[in-house]
Amino acid sequence: MVAVVGIAVGLAGVALAWVAWVRVRRLRDAQRTLLGGGRKDLVEFSVSLQGRIDDLHKAVDEVAAGLARVDRRVDGALGNTAIVRYDAYEDTGGHQSASLALLDGSRSGVVVTAIQGRDYARIYMKELERGRPSVALSPEEQEAVERAMAR
């Protein structure tokens with residue numbers, strides 16, 4: 001009787017071992033599918049994945065810092081320009097006089113005005129710092145500034 005019970009317990013143990021072996025095999029197959037056939041286990045895979053995510057965060061931070069530097073450089077570039085042509089004197093025609101505004105994103109830059117008369121030409125340059133001119137602007141120069149900043 002003891003031998004029969006021993007055989008039954010032994011068979012139950014073998015059956016449980018076989019069930020456990022089948023489950024472990026299925027788990028490993030699923031893990032290989034998840035890992036792409038690699039030899040690592042799930043913990044190593046998650047650690048390496050976290051490292052790659054950390055590297056990605058560093059790369060994104062570097063790109064963001066680079067974009068901030070580019071934004072500062074672009075804001076400082078003379079990207080806003082406009083020309084206003086006009087007749088400075090009543091006896092001249094053809095809009096030969098002109099005011100040229102060359103400004104950056106903060107309204108800093110220069111306004112160049114060329115006044116054309118019958119016998120002469122004069123050139124004036126006025127600096128702007130954050131929209132404030134060093135010398136008062138003529139209406140045409142002010143129009144050139146406004147047109148430049150409207151773009």
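**Close-up views of a predicted model**

**View 1. Alanine 101 lies opposite valine 111, a residue of strand 3.** The model shown here and in the other views is predicted. Strand 2 (97-103) and strand 3 (109-116) are joined by six bridges and run in the antiparallel sense. Both Ala101 and Val111 belong to the largest nonpolar core.

View 2. In general, strands of a sheet pair through backbone hydrogen bonds, either parallel or antiparallel.

**View 3. The largest nonpolar core consists of 12 residues.** Its members are Ala82, Val84, Tyr86, Ala101, Leu103, Val111, Ile115, Leu128, Leu137, Ala144, Val145 and Ala148. At least two residues of this core come from each of strand 1 (80-86), strand 2, strand 3 and helix 3 (139-150).

View 4. Leaving aside residues up to four places away in sequence, valine 84 touches Ser97, Ala98, Ser99, Glu140, Glu143, Ala144 and Arg147.

**View 5. Met1, Val5 and Val9 form a nonpolar surface patch of about 350 Å².** Valine 5 is part of helix 1, which spans residues 2-35. The relative accessibility of valine 5 is 47%, so this residue counts as partly exposed; the partly exposed class lies between buried, under 20%, and exposed, over 50%.

Note on methods
Residues numbered from 1 in each chain as written. Predicted model: local features only at pLDDT ≥ 70, side-chain atom pairs only at ≥ 80, totals over all residues. Heavy atoms only, no water. Patch = residues over 30% accessible without salt bridge, like charges linked within 9 Å, V, L, I, M, F, W, Y side chains within 5 Å. Areas by Shrake-Rupley, 256 points an atom, 1.4 Å probe, with all protein chains shown as cover. Salt bridge = Lys/Arg side-chain N within 4 Å of Asp/Glu carboxyl O. Helix = DSSP H or I, 4+ residues; strand = E, 2+ residues; numbered from the N terminus. Buried < 20%, exposed > 50% of the residue type's maximum accessible area, 1.4 Å probe, protein only. Core = buried A, V, L, I, M, F, W, Y, C linked by side-chain atoms within 4.5 Å. Contact = heavy atoms within 4.5 Å. Pairing = 2+ DSSP bridges.
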